[in-house]
Amino acid sequence: MSGNVALLDTTLAAAKAEDRAALIAYLPAGFPTVDGGIAAVKAVFEGGADIVEVGLPHSDPVLDGPVIQTADDIALKGGVKIADVMRTVREAYEATGKPVLVMTYWNPIDRYGVERFTAELAEAGGAGCILPDLPVQESALWREHAEKHGLATVFVVAPSSKDHRLAEITAVGSGFVYAASLMGVTGTRVSVGAQAQDLVVRTRATTDLPVCVGLGVSDAAQAAEVAGFADGVIVGSAFVKRMLDAPDAAAGLVAVRELAAELAAGVRKR
């Protein structure tokens with residue numbers, strides 16, 4: 001079975017045709033439980049997310065701030081496995097018909113096996129993978145298998161990336177480019193800032209791929225701000241925090257569905 005990179009491409013193109021940015025949500029698999037995590041992904045889609053990134057919880061994160069680390073710890077203590085991540089992708093995709101990616105560090109894939117991981121992700125209906133710590137120079141094996149299985153390879157660029165480095169990264173990526181709005185870890189910010197807009201401009205100069213901005217967006221006003229210059233707005237910590245702050249699982253689902261609706265309205269007010 002081939003993966004859903006084409007669905008990802010058409011979803012981003014459809015948002016552009018509507019003269020708006022796409023809303024991309026992030027939630028870790030297995031949080032608060034495997035079933036609860038699946039319900040949460042469905043809830044954000046119901047609220048208005050166009051695309052969801054399912055996080056593969058990892059014990060040694062380099063990009064995740066304290067909110068997502070807390071959720072990952074809960075998932076890991078609950079015994080979440082890669083099979084649970086694949087199940088989350090499958091059930092979310094089958095329920096909604098919308099693109100679902102996995103965001104993961106490289107070590108779990110390396111240990112699991114690249115061919116096995118890509119084949120299972122494609123079979124589950126996944127659209128691709130975001131790989132924040134895989135250097136482009138070491139990505140040939142991954143890209144070979146991802147392309148074979150119809151999966152996007154999304155790389156992360158940062159404000160510190162030089163123009164020549166941006167060109168190297170975007171030349172081999174697919175799906176979209178994940179532009180980290182600032183240096184540092186995930187988490188909500190008071191302001192996303194001009195640094196992100198400059199990065200989007202410089203990245204677009206190297207590629208026709210959509211450029212989507214993440215790290216820091218937490219409300220409709222910030223989503224509208226970023227939607228003014230980016231092709232997609234990525235929100236993670238704000239969703240996870242809503243679930244962590246909820247008194248129970250049911251309230252958490254209501255909270256993330258409502259946040260998705262607010263953000264979906266925000267990306268349409270660019």
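**Figure 1. Surroundings of Thr88 in the predicted model.** Beyond the neighbours within four places in sequence, Thr88 is in contact (heavy atoms within 4.5 Å) with Ala29, Ile38, Val41 and Val54. Thr88 belongs to helix 4; helices (H or I, at least four residues) and strands (E, at least two) are DSSP runs, numbered from the N terminus. With a relative accessible area of 1%, Thr88 is buried, where buried means under 20% relative accessible area, exposed over 50% and partly exposed in between (1.4 Å probe, protein chains only). The Thr88 side chain reaches the backbone oxygen of Asp84 at 2.8 Å. This is a predicted model, in which local features need pLDDT of at least 70 and side-chain atom pairs count only at pLDDT 80 or more, while totals for chains, interfaces and linings use all residues. Residues are numbered from 1 along each chain as its sequence is written, and side-chain values use heavy atoms, with hydrogens and water left out.

**Figure 2. Glu53 and the UniProt active-site annotation.** An unreviewed UniProt entry carries the annotation "active site" for Glu53 and Asp64; UniProt positions are given in the numbering used here, feature names are shortened, and annotations may be inferred rather than shown by experiment. Glu53 is part of strand 2 (residues 51-55) and counts as buried because its relative accessibility is 1%. Apart from neighbours within four places in sequence, the contacts of Glu53 include Tyr26, Met103, Phe176 and Tyr178.

**Figure 3. The second largest pocket.** This pocket has a volume of about 250 Å³. Of its 13 lining residues, Leu56, Pro57, His58, Ile82 and Pro108 are the closest to the centre. On a 1 Å grid over the protein atoms alone, a pocket is an open set of points where a 1.4 Å probe fits, with protein on both sides within 12 Å along at least five of seven lines; lining residues have an atom within 4 Å of a point. Helix 4 (82-96) and helix 5 (106-112) each supply at least two lining residues, and helix 5 gives the largest share, four residues.

Figure 4. The peptide bond from Phe31 to Pro32 is cis, with omega near 0 degrees. Pro32 lies in the loop between strand 1 (22-28) and helix 2 (34-47). In the loop between helix 1 (5-17) and strand 1, Asp19 has a positive phi, near 60 degrees. Most residues other than glycine have a negative phi, and most peptide bonds are trans. Asp19 is exposed, with a relative accessible area of 59%.

Technical notes
Points joined across faces, edges and corners; volume = space filled by probe spheres on them. Polar contact = N/O pair within 3.5 Å; in protein donor to acceptor, adjacent residues only side chain to side chain.
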